[in-house]
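This report concerns strand pairing and salt bridges in one protein model. Please consult the sequence and the structure shown below while reading.

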Amino acid sequence: MSGLRMMAATIVAGVGASLVLSAAPASATGIPHVQGGQTVPVYSYENAVRESVWVQTRLDNDRDGVPDKVAVDITRPREAADRRIKVPVILEASPYYSCCGRGNESELKQYDANGVITKQPLFYDNFFVPRGYAFVAADLAGTNRSTGCMDVGGREEVLSAKAVVDWLNGRATATYADGTPAVATRWTNGRTGMIGKSWDGSVANGVAATGVEGLETIVPISAISSWYDYQRYNGVLRAEDYPEYLHQVVNGRPAGVCAATVEQLDSGSDDVTGNYNAYWAERDFRPDARKVHASVFIAHGINDTNVTTTQFAQWWQRLDVPKKIWLAQQGHVDPFDIRRAEWVDTLHRWFDRWLQGLRNGIDREPAATIETAPGTWVDERTWPASAAKTTKVALGDGDGMTGTLGGGSTAGSRTWTDAPDLSEAAAVASPGTAVPGRVSFLSAPLTRPVRISGTPTVTLRVQVDKPTTELTARLVDYGTATRVNYLGRGEGITTLATESCWGASTTADDACYRDTAEAVVTSDHAVVTRGWQDAAHHVSLRFVTPLQPGRWYSVTVPMQATDQRIAAGHVLGLILQASDNEYSTPQSTGATIRLDLRGSSLSLPLAGKLPVPGATAPVVTTSSPAPARVAPPRFQPLLP
């Protein structure tokens, strides 16, 4: 019986149950809690050591003349400490422990009257502490019980989390609440794995990019690798004053203490130009991917419109370490709430391999696990698909005229005027009909399935009658299918009334969570991927190059990475707009754009071939709108 199945059978009693097992026989690994090649629960969760320490950093971001301190809450096996067995650490560094909560049920940290941690969010401590791990939850600088000031992806944030890894490895100091020294090397071997979803996973990426010793693996879930790409779409403003807003959401310091930091966020992020500058370079982890020595296990929703897919794709492609990836059809959702049993089992094996040193073979298995349709998963050697080749696709005439997407080069042009209030649903509906503010291009019906795996781009040769305009591109799958409804309130999941348990429990901290199911919808079309570009940033994201009216420019619009199968009989569409009022805060210039068809093209990472179009474009109608978005994403904070 696997450790996962044994655990599930043992703790099915649910809330309040405490798992206490006798120690397993010693194995050839020298780890006394290994059976069948994996760690098993032998330590008491109820009797675990629960303590809080404050780790000193080398920073003084709140400018009070005292080094900033990071509050760290620890749950670790008491029996291991009593036997002088040093254990590895699973670390989650987060700004959300007091303001917003973690996970689908928004759990917060809880303390007793003496300030001792009694409840850690999520299942990591419940599941892994009995198996010989310590779980450490760190409040990022300026949040919850830490001092300093949150600088939203910047140096203070990353280095405050790095200081915890340093402390776990004896390179930094910490104290208990009474000021006495706290020495981690008495109970840990320093081998640390970082995990977290969204902002928490972004911190893991940033700390790994420092190359800190002792960080052996990271598991970034729906995580950021470039804060510029999170808050800008190639010069297009996602939301005004967004760094300041995020600071306000998570700030745990008294009013006014962090005023200087907020001012730096405002001036540095430079909403006026949208340029990539030194502020954003500090928050861009990708150039330092070469410093990463930790193994990396990425999980991301292929339809995540909060932390968009370029975040994992560009990070993944630059990493030269052992790595693994899970791609689901959901939006901003933890895989624990998509494919729970398989996720816990895989995560368990991953941590056993890189933190316990168990040679369980997970690093030799297929690197990519991908959901191809609701509930259908495949394992593949790598990502993107090795069969996907970059294919240059001519646009054809468009808007139902002669010639279609994938046809030969077509002379002529198409013209449209920016319509910032044109919604995505209206823009992608009825692509064979003329709609003010958009132009559409359609393939012939597919004679066989094709797969788009990687990052599409569209290059547009345009004349613009204003110094700039925003350009928006969407790829659309026209054809009826049952799809994950990632645009709904649950971003692709529905929370059920039942629950299941994933670890040991105490009366204060149970291991039981509401079950979930995939939210699906049958629709006759769906957006495959999106892309945005400010035309005045076509030369560089570091500066603005105003366009001259009447002059032709080639502007490339990068789209979000994707992995989607388009079924035989379906039609692939390309929809072009100017500014986009749903996924950005448009700085509309009211421009009129003239598109040179012969000089424009779509580049697809394609496995398979688009059919040769006929003399006329196919007639494509949409009888039902795509699922409506519950709230405009620009107003969504980077929440759990």
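Strand S3 (residues 49-56) runs antiparallel to strand S9 (residues 174-175), to which two bridges join it. Strands here are DSSP runs of type E with at least two residues, helices are runs of H or I with at least four, and both are numbered from the N terminus. Two strands pair if DSSP finds at least two bridges between them. Within this pairing, Val55 stands opposite Ala174 in S9. S3 is also joined to strand S4 (residues 69-76), again antiparallel, by eight bridges; here Glu51 faces Ile74 in S4. Seven of the eight residues of S3 are buried, so the strand is largely enclosed by the rest of the structure. Buried denotes a relative accessible area under 20%, exposed one over 50%, and partly exposed one in between (1.4 Å probe, protein chains only).

The model is predicted: local features need a pLDDT of at least 70, side-chain atom pairs count only at pLDDT 80 or more, and totals for chains, interfaces and linings use all residues. Residues are numbered from 1 along each chain as its sequence is written, and side-chain values use heavy atoms, with hydrogens and water left out. The mean pLDDT (the predictor's confidence in each residue, from 0 to 100) of the protein is 91, and 91% of its residues reach 70 or more. Over residues 1-28, however, the pLDDT is below 50; beyond near neighbours in sequence, this stretch has 58 contacts in the model, a contact being heavy atoms within 4.5 Å.

The structure holds 28 salt bridges, each defined as a side-chain nitrogen of Lys or Arg within 4 Å of a carboxyl oxygen of Asp or Glu. The table lists examples.

| Salt bridge | N to O distance | Relative accessible area |
|---|---|---|
| Asp166 and Lys162 | 2.9 Å | Asp166 11%, Lys162 22% |
| Glu282 and Arg283 | 3.7 Å | Glu282 39%, Arg283 4% |
| Arg565 and Asp563 | 2.8 Å | Arg565 29%, Asp563 2% |

Asp166 and Lys162 lie four residues apart in helix H4 (residues 155-168), so they are separated by about one helical turn. Of these two, Asp166 is buried and Lys162 is partly exposed. In the remaining tabulated pair, Glu282 is partly exposed, while Arg283 is buried.
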